[in-house]
Amino acid sequence: MVMELDIGCSFVFDASVATHAVMLFEPHLTELDKVVDGRLEAVGAAEAPPSASYVDSFGNRCRRITLNAGQTTVGFMARAAVVAEADQTDRHAVLDAPMDLPDEVLQFLMPSRYCESDLVADLAWSTFGTGGSGWERVQRVCDWVHDRTMFRYGSSSPGYSAVSVLENGVGVCRDFTHLAIAVCRALNIPTRYVCGYLPDIGVDDPGTPMDFCAWMEVFLDGQWFTFDPRNNQHRIGRVVVGRGRDAADVAMVTSFGRVELVGMTVWAELGSGESWSDSSRRGRTGSGLLSLPNSHLSN
């Protein structure tokens with residue numbers, strides 16, 4: 001069965017001078033067949049700034065845009081057709097030996113900027129080294145991260161990594177994901193970082209502003225499976241925006257100069273039956289972007 005989702009986002013920036021930026025908010029290259037229709041809008045203080053897109057080495061669709069001096073609003077909205085089922089599961093999926101992994105998967109066994117798998121290796125093996133080598137072990141890691149970490153808005157910082165989460169026991173969805181990725185990689189389980197739109201379908205309304213969400217994909221039995229350490233649930237309606245080694249690879253905004261984020265809105269909800277371009281504007285306002293070094297902004 002297929003259902004339609006209204007997805008989108010709106011960013012409001014303020015720049016003192018014209019500043020070039022790269023943004024990720026459009027569905028990943030592999031997700032484009034889900035998009036029924038879409039629209040990109042950019043309104044500047046003086047005139048609409050031009051933009052162009054390219055696909056990076058991870059298959060992420062990146063939008064290049066020069067933000068005018070003053071205030072610029074960049075918005076995206078689309079109606080997407082997605083499978084009306086929860087994430088695929090296979091509790092019998094086993095772990096592939098490193099020697100059997102495809103070349104392109106090997107990079108997701110390595111330490112990365114926010115996922116220091118080398119620094120958590122002793123902990124990973126002492127905690128999860130026995131009992132199930134595939135799906136079961138990954139689920140145990142997710143249970144452990146979910147149970148020991150408290151979700152708290154504003155708890156992250158530009159240098160906050162998997163080790164930081166381990167030491168402080170608190171974070172946002174990207175931090176839950178970074179810790180789980182680091183532990184899985186230390187156990188020789190290929191794991192990649194994913195961010196995108198996640199509607200509240202089949203779950204209670206959390207009563208908080210919607211934001212871009214982060215989860216992970218794990219390579220087992222020759223294919224990628226979705227795991228979500230923050231929610232620890234198999235959910236319906238995920239639309240992938242970015243994949244990479246960690247959040248540094250899929251920053252929502254990278255600006256080449258100082259830019260202030262004045263406001264942000266994100267939405268992902270069941271299509272209402274109205275014109276998609278009208279219903280998509282009903283999103284809940286939020287401001288969950290995190291400022292990173294080198295003028296990066298990430299979920």
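Me: In this model, with which residue does Arg63 form a salt bridge?
Reply: The model is predicted. A salt bridge requires a side-chain nitrogen of Lys or Arg within 4 Å of a carboxyl oxygen of Asp or Glu. The closest N and O atoms of the pair are 2.9 Å apart, and the partner of Arg63 is Glu26.

Me: How many residues apart are Arg63 and Glu26?
Reply: Arg63 belongs to strand β5 (residues 61–67), whereas Glu26 sits in the loop between β2 and β3. Both Arg63 and Glu26 are buried. The pair links distant parts of the chain, with a separation of 37 residues.

Me: Which residue of β5 is the bridge partner of Ser51?
Reply: Strand β4 (residues 51–55) pairs with β5 in the antiparallel sense over 5 bridges. In the hairpin of β4 and β5, 5 residues lie between the strands, and Gly59 adopts a positive phi near 85°. Within this pairing, Ser51 has as its bridge partner Ile65.

Me: Which residue is linked with Asp6 and Arg79 in a network of salt bridges?
Reply: The structure contains 12 salt bridges. One of them joins the side chains of Asp6 and Arg79. The network that includes this pair has a further member, Glu4.

Me: Is Lys34 buried, partly exposed or exposed?
Reply: Lys34 is located in the loop between β2 (19–23) and β3 (35–43). Its relative accessible area is 23%. Buried would require under 20% and exposed over 50%, so with 23% Lys34 is partly exposed.

Me: How far apart in space are Lys34 and Ala80, C-alpha to C-alpha?
Reply: Lys34 touches Arg79, Ala80, Ala81, Val82 and Arg238, when residues up to four places away in sequence are not counted. One of these contacts, Ala80, is 46 residues from Lys34 in sequence. From C-alpha to C-alpha, Lys34 and Ala80 are separated by 5.2 Å.

Me: Which strands stand at the edges of the open sheet, each with a single partner strand?
Reply: 4 strands form this open sheet in the order β11-β10-β9-β12, with antiparallel pairing. Each edge strand has a single partner, so one side of each is left without a neighbour in the sheet. The strands at the edges are β11 (223–227) and β12.

Me: What does the twist average from one strand to the next?
Reply: The sheet has the order β11-β10-β9-β12. Within it, strand β9 (residues 191–197) pairs with β10 in the antiparallel sense over 6 bridges. From one strand to the next, the twist averages 35°.

Me: Which residue in β10 stands opposite Arg192?
Reply: Strands β9 and β10 pair over 6 bridges in the antiparallel sense. In β10, the residue opposite Arg192 is Glu217.

Technical notes:
Residues numbered from 1 in each chain as written. Predicted model: local features only at pLDDT ≥ 70, side-chain atom pairs only at ≥ 80, totals over all residues. Heavy atoms only, no water. Helix = DSSP H or I, 4+ residues; strand = E, 2+ residues; numbered from the N terminus. Buried < 20%, exposed > 50% of the residue type's maximum accessible area, 1.4 Å probe, protein only. Contact = heavy atoms within 4.5 Å. Pairing = 2+ DSSP bridges. Axes fitted to C-alpha atoms, helices over the stretch in contact; angles between N-to-C directions.
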